[in-house]
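Before you read the points below, please take a moment with the sequence and the model side by side. The note goes through individual positions, then pairs of side chains, then helix packing and the overall layout.

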Amino acid sequence: MLNYLFGFNARMGRLAFFFSSFVVGVGFVMLAYGATGNVPSSGRMDVLLAQASASQPLLFAFYGVLVICFMLQSMRVRDIGWDPVCVMAGWIALMVIDRIVAQKFPEYALTYQHTGTAVGALANAALNLVLLFWPSGGLYKEQEPDDAGSDGAWRPSAPQAAATNRIARIAGGEFGGKAR
């Protein structure tokens, strides 16, 4: 069930991932502007965050955008050919550990306002660049032609296993290489 809910079984190409992420981001910025009445680049950020945290529709929209972005990233990771259950869990674990380190040791944080370290920011940036630029993992690869001779006759792709040969000999009445 969770495979279909979070998009773990779906695939999304690079261009679709980029445009979907862009549209979700622009939509959230427009919603934030509509709810707070301020453009995010104008004024102090702490005032904008206080206004945004007081708005219930904006909080619901934030968590909705968070789930949508998680689903988009999971679909892109699946398209690359990686297992999104492992990659996304590892990414979340890395971000949680990074935040804990930045809170316990504030001298490692990027600035006094940030809740992450430079290592976490670089890892996050690297994974986002991978999601944007890594090619798809073989979804559209052409199948190799069958092992056919020049005369077009079909040949089996692999020799039969030894156990299969033994069973065929026994069924044919041969035991130990001798017919009874």
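1. A position in helix α4. L66 is found in helix α4, where helices (H or I, at least four residues) and strands (E, at least two) are DSSP runs, numbered from the N terminus. At 49% relative accessibility L66 counts as partly exposed, on a scale where buried means under 20% relative accessible area, exposed over 50% and partly exposed in between (1.4 Å probe, protein chains only). Although L66 and V24 are 42 residues apart along the chain, their C-alpha atoms are separated by 9.9 Å.

2. How to read the values. This is a predicted model, in which local features need pLDDT of at least 70 and side-chain atom pairs count only at pLDDT 80 or more, while totals for chains, interfaces and linings use all residues. Residues are numbered from 1 along each chain as its sequence is written, and side-chain values use heavy atoms, with hydrogens and water left out.

3. Salt bridges. How many salt bridges does a search of the whole structure find? The search finds two, a salt bridge being a side-chain nitrogen of Lys or Arg within 4 Å of a carboxyl oxygen of Asp or Glu. One of them joins the side chains of D79 and R76, with 2.7 Å from N to O. These two residues are three apart in helix α4 (residues 56-80), so about one helical turn separates D79 and R76. D79 is buried, at 1% relative accessibility, and R76 is buried as well, with a relative accessible area of 0%.

4. The other bridge. The side chains of D83 and R78 also meet in a salt bridge, here with 3.9 Å from N to O. D83 counts as partly exposed at 35% relative accessibility, and R78 likewise counts as partly exposed, at 22%.

5. Aromatic pairs. Six aromatic pairs are found in a search of the whole structure, under the rule that rings of Phe, Tyr and Trp (its six-membered ring) pair if their centres lie within 6.5 Å, with planes under 30 degrees apart counted as stacked, over 60 as edge-to-face and the rest as tilted. The rings of F18 and F22 have centres 6.3 Å apart and planes at 20 degrees, so this pair is stacked. Both residues lie in helix α2, four residues apart, which is about one turn of the helix. F18 is partly exposed at 40% relative accessibility, whereas F22 counts as exposed at 51%. Ring pairs also link F18, F19 and F22 into a cluster.

6. Packing of α2 and α6. The axes of helix α2 (residues 14-36) and helix α6 (residues 118-133) come within 7 Å and cross at roughly 125 degrees; axes are lines fitted to C-alpha atoms, for helices over the stretch in contact, and angles run from 0 to 180 degrees between N-to-C directions.

7. V130 in α6. V130 lies in helix α6 and, leaving aside its neighbours within four places in sequence, V130 is in contact with I80 and W82. V130 and R76 are 54 residues apart in sequence and 9.7 Å apart in space, C-alpha to C-alpha.

8. Two loop positions. E107, in the loop between α5 (84-104) and α6, counts as exposed at 57% relative accessibility. G37, in the loop between α2 and α3 (45-53), counts as partly exposed at 47%.

9. Overall layout. The protein has seven helices and two strands, following the pattern α-α-α-α-α-α-α-β-β along the sequence. Buried residues make up 18% of the 180 residues. Among contacts between residues at least 6 apart in sequence, 58% join residues at least 24 apart.

Methods
Contact means heavy atoms within 4.5 Å.
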